[in-house]
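Here are my notes on this model. Please read them beside the coordinates.

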Amino acid sequence: ARTHAGTRVVYASGEQFTNELLASIRADRTAEFKRRYRRDCDLLILEDVQFLRGKRQTQLELLHTLESLAQRGARVLLTAERLPKEIPDLDPRLASRMGSGFCAEIEAPDRALRCEILRTKAAAGGVRLPVGVIDRLVDAVPGSVRDLEAALIQIVASASLLKRPIDLELVESALRKVQPRARRRRDGDDRRARPR
C-alpha cells in the first residue's frame with residue numbers, strides 16, 4: 001500500500017464489519033456498505049475473522065465481498081486466532097475462499113521477544129519499567145501479547161492512581177487483579193489445601 005500511491009485501504013475488525021453490515025441493512029443502505037468494502041477498496045484488512053463464527057448472514061456477505069475483490073484484483077489480508085478450516089461454525093465456502101490464499105501461522109513470541117514487546121509498549125506510553133518488573137510480568141503472564149498489555153495497563157493505572165513508582169510490590173498487587181485464580185494457585189500466590 002505504501003509503494004502504490006492512491007491505494008484505497010479499508011481496515012476493520014470482524015465485529016466492525018458485522019456491525020456496519022447490520023446497520024446498513026436496518027437503514028436500507030446496503031449499497032453504501034458494498035461500495036465501501038468492494039468497489040472503493042484496493043486492500044481490505046479484516047482482523048479477528050473468528051468473530052464471524054455462527055453469523056451466517058455476515059459470513060455470506062464476506063464471501064461475496066472476497067469474491068468481488070478477487071475479480072477486481074484487489075488484495076485482502078485476514079487475521080484470526082485459528083486457520084480458516086479450524087474456525088468453528090464457519091461456512092465451508094467461506095473457509096475455502098479464505099484458505100485459498102497464503103495462510104501463515106505466527107508463532108507465539110519467545111521470552112526475549114515478549115520482554116522487548118513489553119519494554120516497547122511501556123516506552124510508547126512514556127513509562128520506563130525496571131528490568132525486574134519486566135521479567136516478573138513476562139514470567140507471570142504466559143498468554144498472548146494482549147494479556148501482557150492488559151497487565152501493563154493495570155500496573156500503569158495502579159501506579160498513577162496510587163501516585164507511587166512501579167516496583168515489584170505494585171506488580172504483584174496488579175497481577176492479582178488480572179490473573180485468573182487458578183493461574184495464581186499454580187504460581188503459588190494463593191495456596192490452599194485441596195481435599196482428597
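This is a predicted model: local features need pLDDT of at least 70, side-chain atom pairs count only at pLDDT 80 or more; totals for chains, interfaces and linings use all residues.

Which residues in H3 are buried?

1. Residues are numbered from 1 along each chain as its sequence is written, and side-chain values use heavy atoms, with hydrogens and water left out.

2. In H3, the buried residues are Thr-58, Gln-59, Glu-61, Leu-62, Leu-63, Thr-65, Leu-66, Ser-68 and Leu-69. Buried means under 20% relative accessible area (1.4 Å probe, protein chains only). These residues pack against helix H1 (14-26), helix H2 (30-39), strand E2 (43-47), strand E3 (75-78) and helix H4 (92-99). Contact means heavy atoms within 4.5 Å.

3. Just after H3, Gly-73 has a positive phi of about 80°.

4. Thr-18 sits in helix H1. Thr-18 is buried, at 4% relative accessible area. Beyond residues up to four places away in sequence, Thr-18 touches Phe-51, Leu-52, Lys-55 and Thr-58.

5. Helix H5 (residues 111-124) packs on helix H6 (residues 131-140) at an angle of about 120°, with axes 10 Å apart. The two helices are therefore oblique to each other; angles under 35 degrees count as roughly parallel, over 145 as roughly antiparallel, 65 to 115 as roughly perpendicular and the rest as oblique.

6. Arg-111, Arg-114, Cys-115, Leu-118 and Arg-119 of H5 meet Ile-134, Asp-135, Leu-137, Val-138 and Asp-139 of H6.

Methods
Buried means under 20% relative accessible area, exposed over 50%, partly exposed in between (1.4 Å probe, protein chains only). Helices (H or I, at least four residues) and strands (E, at least two) are DSSP runs, numbered from the N terminus. Axes are lines fitted to C-alpha atoms, for helices over the stretch in contact, and angles run from 0 to 180 degrees between N-to-C directions.
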